Amino acid sequence: MHYVPFLSLAGFLLPCLSCSLLLTLAQRPCAAQQPAIALITDQPAPELSGNYSLPPSQFRLAANGRVLFSSGGATAVFDWDAANGVPRRLLQTNDLLGSLGIPLSESDAAGVLDSTGHLLQINAAGHAAVAVTAAVKGAVDPAAVLFHDGSSFQLLKTALDSVTEIAVNNQDRVAVLGMVTLPTFPNPFQGLYIAAPGADPIEVAFQGKPAPSAIGGTYSRLRQIIGFNNSGHLAFLADVSGGNAVRAIFLYDGAEVRVVAKNGTAQGAIQSFDITPPTSGVSYLLNNNSKIAFRAATVGANVGVFVADASGAIVKLGAVNEPSGVEGLGNCSGIIYLRGFNDADRVLYDCLTMPGARNALLLRGPEDPAPRAILQRGQAIPGVGDFLATQQASLNNSGQVAVLASLSSTATPYAWLFAGDSDPVKIAAESESAPLGGAFLLAGRNAPALLNDAGQVVFLSDIGETNAVALFSWSASAGLASIVSSNDPLPEGANTVLRAVPFSGGSEELLVQFRRAGGQSTYFAKSLNPNAAELRKIVSEFDNIPGLGVIVSPDNLALNSKGEVAFNANLLGARLYPTAGILASIPGAVIQASVLAGETGPSGEILAALGPPRLNGQSQLAFQATTIPAGPPQPIVTQIQGIYVAPISPGPDGLQAIARQGDPVPGGGTFATWPTVFSSLALNEMGAVAFRAIADNGAAMGLYVGAPGAPLQEVVRTGRAVAGEVRAGNGIPAAYRLNDRGQVAFLLSLTGGGRSAGVFLATPGADGYTLQPIAMNNDSAPAPGSAAKFSMFFEEAVELNNAGQVAFFGGLQSANFNGGWFAGSGSANLALRAYNTQRIADNLRIGTFLTTKGGAALTDSGHLAVFVTEMIGPGPKPRIFVAAPDSTLRSLAISGDRAPGLSADFGKLLPNLSATRSGGILFNAILLNDALRAATFLATP
């Protein structure tokens, strides 16, 4: 989340007003609750698959051979061991909290689990910790960590409102990183805690609190849990503000937090580090000796692998452009990847060496004079061919390694290998028979295997011929066994799960997803006309499409006004394997391919990976892609990113590039890169595409709009003047809104003129885009009572409609209240629509608004729906209101109230508000006190 504060934290947390002041504020009435219509519920459910949905979202292996995995979009958790050979369901979405014996409070035995299986972690005994969310009357999105001791679940005390990471050690203690909401402050803070069954949590680090004196300042962002070992020591990565470095690796030893390595200063014989947040693969590992292996760049941008501990000792094991240490291999001259770290302090890593572009997988400890080559290019592997390169690898404490390797053989280009002190042996090879029938297909599942100290390996594979996906176990003594396959039936009694797909504003239909808990999903379209009851099937997991293949993992669905749907998917049984791309469901026709990876782009480039599609009513697709140059394969391939537009059905217009790396940028320079591999982009009904990119002249980030056959236009670029002496700051937020008039609304960081942030509306014209500030910090804000000034904005709390109106949440420097939702446009003054402390009834006031994605929706008529997470006063807290253009408030839904037209009660109101083109408001809820568990509602303001 991007926001720019103006007030200090301490000042913002002060009480915003007294009760006497409240009585004097000007108020607008709150009208009676407006009825909503339940468009779709989870019962009666359409015909659904009864098989497992694979690949599992997570799977974990214990020392005793037990495997726990979550499946079906993390809607169920299963337990498998070789003794019974059949997965046992432990937990599933829509389970009653009371039946599990884990109510989150005294009054929520009727609450239900909303999601399960997230962040699944287990220890050596197979005891598990898992993050769940629940639907509970009067709560927004209660999150919890459950601990399973092998027989039952227990609720852990974490002091967190939401959970982002979990680690568990063999002492049944759990490290938890998540968010904490503080009273009267609209943005949650990060906290890192250690929890255990029956114990109060221990705070390790908290955003905004002091970091250790060795670095100084305060924690500004807790990046990740590195590890939690059996000594109870917890390693983590965090950013620091006001210290002598901006980022560091920290270790909590049970008594205090210490700095292990930090950016910007020389440490012993090591020159200055550039410790970066992990982007892909593994960058940091902790072992049970409380040492940390990490991958980082040093001065000169040479990437290396290091081992460090809390004493400050740092040992370099290998680095780019330095000798590999193995005779005949030369220097490590390519990217070094960190693969594993064990309790013997040995690090598994690989590198590309010269001459001859030779890949080697190396094992080395701080005391070892040189690394040992586990595998190196050209090494013969009995029965499968010569080793070429490591795709993935895992290491255990016995020094054994499980490797997914690419091989020289065209018959077996990939294989899982097991290596240790003896020669490597084959676990499974591409195209060889699998235990459950069919043949292994390994190229499309590039994920690490799990490897325990007993030498048991668990890995995921696609299966040819049967077109399935399966999870396998292997050991030298037991051989191969199937754990679970997408062809296997679920246990009896799985709950039905309904979830709405994010709404496509140009459509008169809603996309919904149905599945049995843990099973394969099916997507349907539902008309927004409540009298049209039938569902229209779009696609199911493992649908077999003649001439195309079997669809695996359909995702990122986009729907237009014609009923056409575009989505990302992988394909099994296609002409080439692996195949992935953007597929299309068109009414009256079979599913077809729109764009596939491997196709040739307009300049001869080869499409390598395709991002989420955007789809408009002209049947145009917009997406970001990574591409590789055409020609023979190279040892090191530079991928080029670009923004493309294509018709949903292949036609004469074909694939067109809007912008690619190296293309000229309006205003000077060339496109250098995109902020993320698949950054956000927007497509309107006129065919215009908005996107962010970085230019090479000064590494300036900009926001641009382009369309096929039209010149690219710059909306704003960092460093450019946007309002008098005020200039755009250092970054362009990832959230921005594009309407059908080509206008763009966004939050912008600023410099100059005493401004640090502002909400802007950019409007296209004959001479390009004109920026108009809607609100900037230090501007006066319309507010009841005393004078107020804007102090803070949130990038995801900006909305734009097709009439050119902008709505946004503004934090305020005010004696009366600290924030509210405002609306205005280029031709209309700002109006305050709803604000915290606003009186709803005699003893009830608005407390806290949701300022993240889905927290508001703005219709073209100017009605603004807002999600309130906390109320001040008695009764349920979460509510949805709609503010009319005259600022009159209406209540749409209240947690705990009877859902209109149903026999169930609103439980959890889901924070995914959206507006329809015809002026309606869509919202979703998990239901309580009835057989129904979920529904999507349509309200007319």
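The paragraphs below go through the model topic by topic.

The model is predicted, so that local features are described where pLDDT is at least 70 and side-chain atom pairs count only at pLDDT 80 or more, while totals for chains, interfaces and linings use all residues. Residues are numbered from 1 along each chain as its sequence is written, and side-chain values use heavy atoms, with hydrogens and water left out. The predictor's confidence in each residue is given as pLDDT, on a scale from 0 to 100. For this chain the mean pLDDT is 89, and 92% of the residues reach 70 or more. Residues 1-33 have a pLDDT below 50, and this stretch has 91 contacts in the model beyond near neighbours in sequence; a contact means heavy atoms within 4.5 Å.

Strands come next. They are DSSP runs of E with at least two residues, numbered from the N terminus, and two strands pair if DSSP finds at least two bridges between them. In general, the strands of a sheet pair through backbone hydrogen bonds, either parallel or antiparallel. Here, β7, β8, β9 and β10 form an open sheet in that order, with antiparallel pairing. Its edges are β7 (112-122) and β10 (153-156), each of which pairs on one side only. On average, neighbouring strands of this sheet are turned by 35° against each other, direction ignored; the axes behind such angles are lines fitted to C-alpha atoms, and angles between N-to-C directions run from 0 to 180 degrees. Within the sheet, strand β9 (residues 143-148) is joined to β10 by four bridges, and the two run antiparallel. Across this pairing, Val145 stands opposite Leu156 of β10.

Six bridges join β33 to the antiparallel strand β32 (residues 401-407), and four bridges join β33 to the antiparallel strand β34 (residues 425-429). Both pairings are hairpins: six residues lie between β32 and β33, and five lie between β33 and β34. Phe418 of β33 has Ala402 opposite it, and its bridge partner in β34 is Val425. Strand β33 is mostly covered, with five of its six residues buried. Buried means under 20% relative accessible area, exposed over 50% and partly exposed in between, for a 1.4 Å probe and protein chains only.

Aromatic rings form another set of contacts. Rings of Phe, Tyr and Trp (its six-membered ring) pair if their centres lie within 6.5 Å; planes under 30 degrees apart count as stacked, over 60 as edge-to-face and the rest as tilted. The structure holds 32 aromatic pairs. One of them is the stacked pair of Phe746 and Phe760, with 6.4 Å centre to centre and 15° between the planes. This pair links distant parts of the chain, 14 residues apart: Phe746 is in strand β62 (residues 744-751) and Phe760 in strand β63 (residues 757-765). Both Phe746 and Phe760 are buried. Phe808 and Phe822 are also stacked, with 5.7 Å centre to centre and 20° between the planes. They too are 14 residues apart, Phe808 in strand β66 (residues 806-814) and Phe822 in strand β67 (residues 819-824). Phe808 counts as buried because its relative accessibility is 0%, and Phe822 is buried because its relative accessible area is 0%. Elsewhere, ring pairs link Trp416, Phe440, Phe459 and Phe472 into a cluster. A ring can also meet a charge: the charged end of Lys209 sits over the ring of Phe206, 5.2 Å from its centre. The criterion is that NZ of Lys or CZ of Arg is within 6 Å of the ring centre and within 35 degrees of the ring normal.

Finally, several loops deserve a look at their backbone. The peptide bond from Leu54 to Pro55 is cis, with omega near 15°, and Pro55 lies in the loop between β2 (36-41) and β3 (58-61). Another cis bond runs from Tyr577 to Pro578, with omega near -5°; Pro578 belongs to the loop between β46 (565-572) and β47 (579-585). Ala74, a residue other than glycine, has a positive phi near 60°. Ala74 is in the loop between β4 (67-71) and β5 (76-80), and it counts as buried because its relative accessibility is 3%. Asp172, likewise not a glycine, has a positive phi of about 60°, and it lies in the loop between β11 (162-168) and β12 (174-180).
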